[in-house]
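Trainee: I'd like to go through this model and ask where the labels come from. Can you set each value against its definition as we go?

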Amino acid sequence: MTFFQALTAAMPVLAVLLFLVMLRMPASRAMGLSLVLVAGLAWWVWQVPGIQIAASILEGWVISASILIIVFGAIVLLNTLKVSGAVEVIRSGFTQISPDRRVQTVIVGWLFVAFLEGASGFGTPAAIVAPLLLALGFPAMAAVVLALIADSAAVSYGAVGTPVIVGIGQGLADPTYDEIMQIAVTASTIDLFVASFLPLIMVLILTRFFGENKSWREGLGAWKFALLGGFSFTIPALLVAKTLGPEFPAILGGLAGLVITVTAAKKGFLTPKDVWLFKTDRSEFSANALNEHAPGLVKIQGCEKSPALSCLAVEPKQHHGLSLYQAWLPYVLVALVLVLSRLDFLPFKGWLNSVSLEFNAILATEISAKLVPFYLPGALFILVALVTLALHKVPLKQAGLAWGRSAKVMLPTIIALGASVPMVRIFLNSGVNEAELLSMPMELAALAATTFEGNWPLAAPFVGALGSFIAGSATFSNMMFAQFQESTALATGLPTHWILALQMLGANAGNMICVVNVVAAASVVNLVGKEGQIIRYTLMPMLFYVISVGSIVWLGLSLGLIS
């Protein structure tokens, strides 16, 4: 590659960093500029035919429609729960487990995300948990940042194992099931030493950037419970991967973690002595309620530094006549229908997939796209929202308001996704060109392999992250780069299953900063235009993840501890 060709290949990443992160443009404008820039350079420098670029844009719009259905469904469900009063009940009920926002971050922001990722994947966890955290009283920015960071480790086994079974399975040349199992177990083993610390990082980010005192120390005050949350997912996930295979580690690991941490929080086991709240929480909890749910409590953190703030408030109570069970029932239904619709041995998956819109050989190219509207998680969210209207006896006028508000906030998201996804497809479909080059991502990966050579374990997870960052899918990243990673490992004399595990983990990390996920998650908490700020928060945890997993394998190989 020449310098300008390398610059063109890197432009989808550079354009996003420039317009979205550095210049802080809203995604609706930044992604439009990025699309024009990438399309122009693809045609001029990479010599991709205009018809290929046009077909890629059309393909991108079909994929965008799938994402928009998910986003709309998540927003409709949240707004339905708001007008029914369920959000207030859920928020009040959570104080019965723990009013401490750090504890809630671990339980909801980390473990519920893991369970949803295992059940559905494809951006669903952030689309559901970000608004749930918002409903619990978290600031919108904190809610979306925490949900995106959490939606990483469990991605290896998202959507009932799709990233490893389909991603790695189709990315390699006819691997055996035992080989896929070995790669999955290796990835879970590495995650035990890295992903287990992500809840602690989430809590530290919560208190440092969204707390009243901007304190790292207040986050460290919950280190015991945060590590309990981390290991209560990674250990069961590893055991499930070893015994049951790669389909269920995220689902069962998330469930195990929820049981462990909720029980621990209720018993006060490993929970912080002080209850940490947001400034806006001060008037919402009574000293009696806090002492009841946190025995031995001496003070509420922050009150001593803000004497004007009241630490007194009301006891948790029911709203709109709904019980806590009734309020949570829609989320239970969401989890249930997601799991049931993803299992191959049940008929539901086939029924939902039977209706599809197929666009084959778009503009007489080899590019095709398919939209399966009823199988998408968004369609299931809409179904649950409709059921909720009946279960919670929501008046038609309020239901109409909820749906109207949901539709009204979609326009900026439509613009942003309508530009970002086509840009991604041009990047991925650039293998058809007259410059005799591979596709842009493959040329970048080959350049990285030449540059790093013997230190490839340090670079391998970055390649996986690049795939997810651009493509918006760990599954697609694994399909795209698995063969390349295997070839590089063989050429450099490295064990292939370790390098492929790093590919999987890097793809997980890329989910934190993936443009498509960020735009979608920002939309459901009404943060359209703040996408660059979100990426600035999630970039450091993403780097921690890829650098840590790469360093562990590099060090283990260097010392002869792994082979």
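Mentor: Start with Lys393, which sits in the loop between α17 and α18 (396-408). Helices here are DSSP runs of H or I with at least four residues, strands are E runs of at least two, and both are numbered from the N terminus. Keep in mind that this is a predicted model, where local features need pLDDT of at least 70 and side-chain atom pairs count only at pLDDT 80 or more, while totals for chains, interfaces and linings use all residues. Residues are numbered from 1 along each chain as its sequence is written, and side-chain values use heavy atoms, with hydrogens and water left out.

Trainee: Why is Lys393 called exposed?

Mentor: Buried means under 20% relative accessible area, exposed means over 50%, and partly exposed is in between (1.4 Å probe, protein chains only). Lys393 has 71% relative accessibility, so it counts as exposed.

Trainee: What makes the phi of Lys393 worth a mention?

Mentor: Most residues other than glycine have a negative phi. Lys393 is not a glycine, yet its phi is positive, near 55°. Leu363 also has a positive phi, about 55°, without being a glycine. Leu363 belongs to the loop between β1 (357-359) and β2 (369-371).

Trainee: And which label does Leu363 get for accessibility?

Mentor: Partly exposed, because its relative accessibility is 41%.

Trainee: Which residues does Ala15 touch?

Mentor: Ala15, in helix α1 (residues 3-22), touches Leu20, Ser34 and Leu37, again with residues up to four places away left out. Ala15 is buried, because its relative accessible area is 1%.

Trainee: What makes helix α7 (residues 140-150) mostly covered?

Mentor: Eleven of its eleven residues are buried. What covers them includes α5 (101-119), α6 (124-135), α10 (198-210), α24 (515-524) and α25 (531-558).

Trainee: How are α12 and α13 placed against each other?

Mentor: Two packed helices are described by the angle between their axes and the distance between the axes. Axes are lines fitted to C-alpha atoms, for helices over the stretch in contact, with angles from 0 to 180 degrees between N-to-C directions. The axes of α12 (residues 223-243) and α13 (residues 249-267) come within 8 Å and cross at roughly 145°. By class, their contact has 14 nonpolar, six polar and no charged residues. Ala, Val, Leu, Ile, Met, Phe, Trp, Tyr, Cys and Pro count as nonpolar, Asp, Glu, Lys and Arg as charged, and the others, Gly among them, as polar.

Trainee: How many cavities of 30 Å³ or more does a search of the whole structure find?

Mentor: One. A cavity is a set of points on a 1 Å grid over the protein atoms alone where a 1.4 Å probe fits but cannot get out, and lining residues have an atom within 4 Å of a point. The largest cavity holds about 50 Å³ of space, where volume is the space filled by probe spheres set on the points, which are joined across faces, edges and corners.

Trainee: Which helix gives the most to the lining of the largest cavity?

Mentor: α12, with four residues. The residues lining the largest cavity include Phe233, Thr234, Ala237 and Leu238. By class, that lining has seven nonpolar, two polar and one charged residues.

Key
1 Å grid on protein atoms, 1.4 Å probe; cavity = no way out; pocket = protein on both sides within 12 Å on 5 of 7 lines; lining within 4 Å. Contact = heavy atoms within 4.5 Å.
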